[in-house]
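Take a look at the fold below.

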Amino acid sequence: MSDSLRLFIAFSVSSSLLRLPNGRRSALANVLRELSFCCPSVNPTVPDKLHVTLKFLGATPADRVAAIEQSLCEIASRTKSFEVTLRGLGVFPDVRRPAVCWAGFRDSEPLRTLAEAVENAISPLGFPRERRAFHPHVTLARIRAKPAEKLFELLAEHASTDFGTDHVSELRLMQYSWPQPGEYRTLQSWRLTD
């Protein structure tokens, strides 16, 4: 193991949100497909990499990983699994300068509660608390330059689309491989209680 690892805490989005029971593509899969044809400056997320980041830890000394894992294990043991519904599209930081296209959530309170539990457990380990309010989202694409009008049409068309319900059932400690965006792996995962 190297001296430091680039880490984040997340949960993965279920592949069931991408396929309907009859095998057809879901609304979310169709949006990802449209993003891939939108314009060259838009890089959609690979479908099996969709996730919600609860806490970005950044460069983390390898000797701190065991304490992080213990904290996440404790959170998982006292947190019930729950359902969330993906709803609507948006961009960060704003429509004048979009850098990220995301899908949001209809009721984000359970996600906010989980993110707060992670913050409370991780901050005593030397990780600063987030200054910005937690905005749960699934990154669907990164935008490198001014996008074509097609992106804004897609945002308007799906501003309030329900993309389906997902079951949040585990926490993951993820290692991010820099400088290759979107390349990461699960170091450890913990099941939430049923």
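**Pockets, sheet and a salt bridge**

Seven nonpolar, four polar and three charged residues make up the lining of the second largest pocket. Here Ala, Val, Leu, Ile, Met, Phe, Trp, Tyr, Cys and Pro count as nonpolar, Asp, Glu, Lys and Arg as charged, and the others, Gly among them, as polar. This is a predicted model, in which local features need pLDDT of at least 70 and side-chain atom pairs pLDDT 80 or more, while totals for chains, interfaces and linings use all residues. Residues are numbered from 1 along each chain as its sequence is written, and side-chain values use heavy atoms, without hydrogens and water.

The second largest pocket has a volume of about 150 Å³. Of its 14 lining residues, Ser-12, Asp-48, Lys-49, Leu-50 and Tyr-184 are the closest to its centre. A pocket is an open set of points on a 1 Å grid over the protein atoms alone, where a 1.4 Å probe fits, with protein on both sides within 12 Å along at least five of seven lines; lining residues have an atom within 4 Å of a point. Volume is the space filled by probe spheres set on the points, which are joined across faces, edges and corners.

The largest pocket has a volume of about 1,200 Å³. It is lined by 35 residues, and Thr-53, Phe-56, His-137, Thr-139 and Arg-142 lie nearest its centre. Its lining divides into 16 nonpolar, eight polar and 11 charged residues. The largest share, six residues, comes from β3. Helices (H or I, at least four residues) and strands (E, at least two) are DSSP runs, numbered from the N terminus.

Now the sheet. Five strands form an open, antiparallel sheet in the order β2-β6-β5-β4-β7. Strands pair if DSSP finds at least two bridges between them. β2 and β7 (162-168) stand at the edges with a single partner strand each, so one side of each has no neighbour in the sheet. Strand β5 (residues 100-105) pairs with β6 over four bridges. Ala-103 stands opposite Val-138 in β6.

Salt bridges come next. A salt bridge puts a side-chain nitrogen of Lys or Arg within 4 Å of a carboxyl oxygen of Asp or Glu. By this rule there are nine. One of them joins the side chains of Glu-34 and Lys-150 (3.4 Å, N to O). Glu-34 lies in helix α1 (residues 27-38) and Lys-150 in helix α4 (residues 149-157), so the pair ties together parts that are 116 residues apart in sequence.
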